[in-house]
Amino acid sequence: MVLDRQLPHGGWNYGNTLVFGKELHPMPESTGAGLAGLAGLVGRDVVLPSLSYLQDKVTRLRTPISLGWSLLGLAAWDLSPPNAEALAERCLANQGRYGEYETSALSLLILGALAADKNNHVPFLSISAHHDRMSSE
Amino acid sequence: MGLPPDHRNTNGLTRRDLLRAAAAGLVIGTGLVFVPKRYLRLPQQAQTFVAKVNDYQLDIAGTLLRGMMELGVNREEVQGKRILLKPNLVETASESPHINTHPLVLRGAIEAFLRLGAATVMVAEGPGHRRDTLAVYEESGLADVLTEDRIKFHDINYITGFELPNAGRQSTMKTLTFPALFQEVDWIVSVAKMKTHHWTGATLSMKNLFGVMPGRYYGWPKNVLHKVGIQNSILDINATLKPHFAIVDGIIGMEGDGPIMGQPKQVGVLVMGRNLPAVDATCCRIMGIDPYKVSYLERADNWLGPISDRSIEQRGETIASVQTNFELIDTIPAQQGIRLT
């Protein structure tokens with residue numbers, strides 16, 4: 001079902017591929033979710049155009065849902081961008097522009113940043129992690 | 001020369017007038033014949049205003065203000081009101097800025113309402129295609145404008161809702177869930193885009209209100225509304241919400257395979273009014289579309305508002321002076337046979 005909804009030139013959107021003969025636009029958050037869901041279940045060649053689309057797109061994403069899902073989707077295929085931390089930090093800083101993020105969006109961003117970080121160390125999380133450790137001691 | 005708009009005959013009667021009279025005669029004569037209610041409705045009246053604006057850099061606020069004053073929207077009425085503007089933000093594509101209401105039309109509307117003494121003006125949208133509303137807000141250019149103007153934007157896809165009984169009763173939905181935010185505003189203004197649409201023929205101020213239905217309740221792309229019927233849902237939403245004003249961005253619209261994949265169409269107009277079916281019918285005539293061939297408009301006629309050209313007092317520019325046929329695609333059923341003749 002998920003594969004059936006993959007766009008011919010790569011990526012996913014809200015679930016439609018072609019309408020009246022025209023291929024619709026892919027969306028990063030849907031593509032990230034599709035790739036995360038299919039990792040380990042299908043060969044890389046099957047989703048290669050989607051991976052290419054998301055790799056091209058990810059560095060330009062500024063909002064938590066798109067970036068969070070994109071980082072999760074790429075990490076599931078070992079393709080995290082080298083500047084994932086910086087992207088996540090920039091996205092966090094954008095709360096000054098958009099207002100505070102909803103908890104679910106913020107959680108998604110943090111999950112994406114953690115998934116993208118092979119060393120399991122995300123600096124912008126370290127202050128709160130340290131605080132949590134101190135509280136529990 | 002063919003029939004004038006709305007198929008008026010030489011006696012000044014429209015086909016609808018004749019049908020209405022015939023239906024009434026049958027009812028009176030037999031008392032048994034079922035006739036759809038819409039053929040028995042009394043005619044309504046409305047006013048719309050059409051302004052020529054050839055470029056987004058022109059004085060949109062001043063133009064909207066002039067139109068609003070012409071329509072009787074004055075300081076006395078707006079003073080102290082909380083105004084919610086609902087743009088048409090669907091998704092973004094770098095090569096297709098004409099998908100969405102232009103940010104400078106929103107800026108103009110904000111300024112116009114503030115100049116009329118509104119207490120607050122806010123912008124709210126729940127895009128139909130994107131789960132990431134902020135991405136559409138950013139990529140459409142609206143974030144730049146509203147941040148600079150210090151105007152609050154609300155993502156209504158994830159907002160808490162409140163239920164109202166379905167006043168339209170066209171679909172099977174017993175209730176409609178609107179954003180709770182709407183309980184805190186005085187006016188809801190549809191700030192739509194002038195576009196053709198591959199499911200409904202045209203998308204204007206009434207169809208734009210699909211975007212007020214929160215995605216967390218109705219899904220993406222508002223699946224619940226599609227399932228119970230797009231045309232039914234448009235009517236139910238408008239009948240229940242009762243929006244107060246409409247502005248349609250027709251400076252650059254979209255023709256062909258709208259609402260996403262169509263081509264830009266330079267029209268150079270802003271259309272506005274208090275009555276949404278009347279505004280949309282006027283837009284249709286500008287686009288070279290017969291509003292009686294757009295199902296939800298035909299069904300709204302003289303219920304939610306008038307769509308006959310005789311019932312709409314046209315202010316500002318004449319339709320003839322700005323009319324330009326939008327491309328319609330023969331292979332798209334909703335666009336077949338809707339050309340105004």
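A word on the ground rules. This is a predicted model, where local features need pLDDT of at least 70, side-chain atom pairs count only at pLDDT 80 or more, and totals for chains, interfaces and linings use all residues. Residues are numbered from 1 along each chain as its sequence is written, chains are lettered from A and ligands numbered from 1 in the order in which they are written, and side-chain values use heavy atoms, with hydrogens and water left out.

Now, how do the two chains meet? Chain B brings 26 residues to the contact and chain A brings 18 residues, contact meaning heavy atoms within 4.5 Å. About 2000 Å² is buried between chain B and chain A, with 61% of that from carbon and sulfur atoms; buried area is the accessible area (1.4 Å probe) that two parts lose on being put together, summed over both. B:D132, B:L134 and B:M261 supply 26% of the area that chain B buries against chain A, more than any other three residues.

Over to the helices of chain A. Helices here are DSSP runs (H or I, at least four residues), as are strands (E, at least two), numbered from the N terminus. Helix α3 (residues 64-75) of chain A and helix α4 (residues 84-93) of chain A cross at roughly 160°, and their axes come within 10 Å. That makes α3(A) roughly antiparallel to α4(A), a label for angles over 145 degrees, with under 35 roughly parallel, 65 to 115 roughly perpendicular and the rest oblique. Axes are lines fitted to C-alpha atoms, for helices over the stretch in contact, and angles run from 0 to 180 degrees between N-to-C directions. From α3(A), the contact uses A:P64, A:L67 and A:L71, and from α4(A) it uses A:A84, A:L87, A:A88 and A:C91.

Finally, a stop back in chain B. The loop between α7 (215-218) and α8 (223-227) of chain B holds B:P221, which a cis peptide bond joins to B:W220, with omega about -5°. B:K222 lies in the loop between α7 and α8 of chain B, and its phi is near 55°, a positive value in a residue other than glycine. Another cis peptide bond joins B:G258 and B:P259, with omega about 15°.
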